[in-house]
Structures are given as C-alpha cells and as structure tokens.
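This report describes selected features of one structure, moving from its sheet to its helices and a ligand site. The sequence and the structure are shown first.

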Amino acid sequence: MATDVGDVLETSDRRRAGASGKVTLTLRIRRYNPELRGEESWWDEFTIQADPNDRLLDALHEVKWHHDGTLALRRSCAHGICGSDAVMVNGRNRLACKVLVRDIAPKATVEPIRGLPVLKDLIVDMEPFFEGYRSVLPYLINDEGEPDRERLQSPEERQRYDDTTKCILCACCTTSCPIFWGDEGYVGPAAIVQAHRFIFDSRDRGARERLQILADKTGVFRCRTTFNCTDACPRGIEVTKAIQEVKREILLDRF
Ligand code: SF4
Ligand code: SF4
Ligand code: FES
C-alpha cells in the first residue's frame with residue numbers, strides 16, 4: 001500500500017518533537033479585526049512545538065511572538081489570579097494560563113468568550129460585564145460610624161461567604177450563561193456572586209438594597225438554574241448555589 005507523503009511528514013515531525021520532549025500543537029484561532037476585514041470573523045491555524053507542561057497562554061505567546069504579531073489577546077498575571085485571559089477552548093470557557101498543552105494537544109480551537117462585543121481577536125469589551133458588577137454595590141456598606149477597633153467577626157460568620165470571596169471577575173461564568181447571551185439586561189452570575197459576598201457578610205448593612213436590586217427584572221429570577229456558570233468557574237465557586245441562596249433571601253424577605 002502506498003504511503004501518503006503527509007503521513008511520513010507527520011511521523012517525522014512527531015519523532016523530532018519526541019526527541020526534544022515537545023509536542024505538536026495546532027491552534028485554530030478565531031480572528032476578528034474590523035480595521036482589516038470589516039465585520040467578518042475568520043479562522044487561522046498555527047502549528048507550533050510546545051512543551052506538554054506549557055500552558056495554552058504560553059502557546060498563544062509563541063504564536064504572537066513568532067508567527068503572527070497581530071494576534072490580540074489579553075493577559076496579565078499568567079498564574080490564574082487576575083482573571084484577564086478567559087477564552088473559549090474547544091467550546092468551554094477557561095483561563096488560558098490554567099490549561100496545559102498536554103491536555104489539548106494535538107489540536108484545539110480558541111475563541112473569544114461569548115456574549116460580550118469582540119474588539120479584536122480574543123479581546124472582548126468587558127464594560128457590559130463590569131456594569132452588571134457595579135450595579136450590585138460590590139463593596140462593604142456600613143453607616144454605623146467608625147468603630148474604635150476592627151469590626152469583629154466569628155469564624156462561622158466569615159465562613160458563611162467564604163466561597164464567593166474567591167471570585168477573580170474573569171467572566172467565565174457570565175459568558176457561559178445562555179440567559180446572559182440572550183438578554184443584555186441580566187446582571188449575570190458573576191455580579192450575583194459579588195453581591196452574595198457582601199449580602200452574607202455580618203459586618204455589612206447594605207443587604208436590603210442589594211436584594212432589592214437583584215429582585216428586579218434584570219436580577220436573580222432570570223436564572224434558569226442550568227449550572228453552566230458553576231461548570232465554567234476556574235476558581236471552583238459554587239456559583240449556582242450562591243444564586244439560589246440570594247433568591248431564597250429575597251423570597252424569605254429576611255432583610
Ligand atoms: S445557573 Fe443561572 S446564571 Fe448560571 S448559567 Fe444557568 S441560567 Fe445562567
Ligand atoms: S464566579 Fe468564577 S467564573 Fe465567575 S467571574 Fe468569579 S471567578 Fe470567574
Ligand atoms: S493571566 Fe491572570 S488569570 Fe490568567
């Protein structure tokens with residue numbers, strides 16, 4: 001049987017890569033550049049050699065620095081803390097700096113997160129996301145005057161909202177939510193997580209105001225409990241559970 005030239009080249013590529021400990025990774029990246037090509041997006045493919053323990057972010061850097069300098073992406077810390085490099089990888093929202101090459105090689109698709117306007121390539125306009133965040137008053141509210149010393153809190157009181165303190169505002173949850181995609185008015189799960197973090201803080205006095213905001217038509221009752229947000233959260237926050245807890249507070253009218 002005749003051997004296909006493509007197979008031979010692929011095998012020899014694999015041998016070379018194996019000798020250096022590297023693997024071949026083909027990234028299929030959705031591109032968008034209104035200055036260059038108008039409103040149409042398109043796909044570009046880049047094949048690189050990468051260490052299996054590199055992160056997808058390293059691979060994207062490799063593409064940008066050595067293959068196509070026009071590729072636009074956002075990132076800062078590169079260690080899962082700043083939340084700025086959320087992208088859709090093989091259809092799932094992930095932080096590019098927390099995805100290992102070995103888990104996606106030999107081929108992966110990378111797209112911008114959904115539901116926010118794309119500015120260029122993998123960069124989206126986060127303003128609508130932060131608008132929802134600001135709307136729930138995501139800061140400590142207490143007008144009881146300055147205390148003489150710190151506001152004390154028991155370990156149990158602190159534990160009550162521990163999970164939602166882990167949020168890094170990456171938008172993976174909100175941009176995986178079908179209700180957010182379809183309804184620009186919905187504040188989205190990340191904003192509710194932020195509200196939860198203060199509503200259940202024993203030192204805070206702004207819960208009633210926040211719950212009134214979230215009882216509105218753009219608030220928690222838009223949620224259809226599909227759990228996409230919980231599955232998408234790179235910090236392992238029980239997002240849907242937090243939303244349910246806020247719904248319950250509104251229904252019980254405890255504040
Ligand atoms: S559980 Fe609610 S907020 Fe989360 S993805 Fe589903 S509809 Fe959206
Ligand atoms: S709840 Fe999780 S997924 Fe949503 S913004 Fe916060 S860290 Fe990101
Ligand atoms: S670059 Fe900061 S979380 Fe990935």
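Two strands are taken to pair if DSSP finds at least two bridges between them. In this predicted model, five strands form an open sheet in the order E2-E1-E5-E3-E4, and the pairing is mixed. The edges of the sheet are held by strand E2 (42-50) and strand E4 (92-95); each has a single partner strand, so one side of each is left without a neighbour in the sheet. On average, and with direction ignored, neighbouring strands of this sheet are turned by 35 degrees against each other.

Helix H3 (residues 56-66) packs on the sheet, where it touches E1, E2 and strand E3 (86-89). The direction of H3 makes about 105 degrees with that of E2.

In general, strands of a sheet pair through backbone hydrogen bonds, in either a parallel or an antiparallel manner. Two pairings of this sheet are set out below.

| Strand pair | Sense | Bridges | Residues facing each other |
|---|---|---|---|
| E1 (residues 23-31) and E5 (residues 107-111) | parallel | four | Thr26 and Lys107 |
| E3 and E4 | antiparallel | four | Val87 and Arg94 |

E3 and E4 form a hairpin with two residues between them. In its turn, Asn90 has a positive phi of about 50 degrees.

The C-alpha atom of Thr24 is separated by 9.4 Å from that of Val101, although the two residues are 77 apart along the chain.

Helix H5 (residues 127-135) has Phe129, Gly132 and Tyr133 as its buried residues. Viewed down the axis of H5, these fall within an arc of 100 degrees, so they line one face of the helix. Helix H8 (189-199) is included in what covers the buried residues of H5. Just after H5, Leu137 adopts a positive phi of about 55 degrees.

The last site concerns a ligand. Around ligand 2 there are 15 residues, of which Cys167, Cys170, Cys173, Ala190 and Cys233 come nearest. How do the residues of this shell divide into nonpolar, polar and charged? The shell around ligand 2 holds 13 nonpolar residues, one polar and one charged.

Definitions and conventions
Residues are numbered from 1 along each chain as its sequence is written. Chains are lettered from A and ligands numbered from 1 in the order in which they are written. This is a predicted model: local features need pLDDT of at least 70, side-chain atom pairs count only at pLDDT 80 or more; totals for chains, interfaces and linings use all residues. A residue is near a molecule or strand if its C-beta atom, placed from the backbone, lies within 6 Å of it. Ala, Val, Leu, Ile, Met, Phe, Trp, Tyr, Cys and Pro count as nonpolar, Asp, Glu, Lys and Arg as charged, and the others, Gly among them, as polar. Axes are lines fitted to C-alpha atoms, for helices over the stretch in contact, and angles run from 0 to 180 degrees between N-to-C directions. Two residues are in contact if their C-beta atoms, placed from the backbone, lie within 7 Å. A residue is buried if 20 or more other C-beta atoms lie within 10 Å of its own, exposed if 12 or fewer, and partly exposed in between; C-beta atoms are placed from the backbone. The arc is that of the directions from the helix axis to the C-beta atoms.
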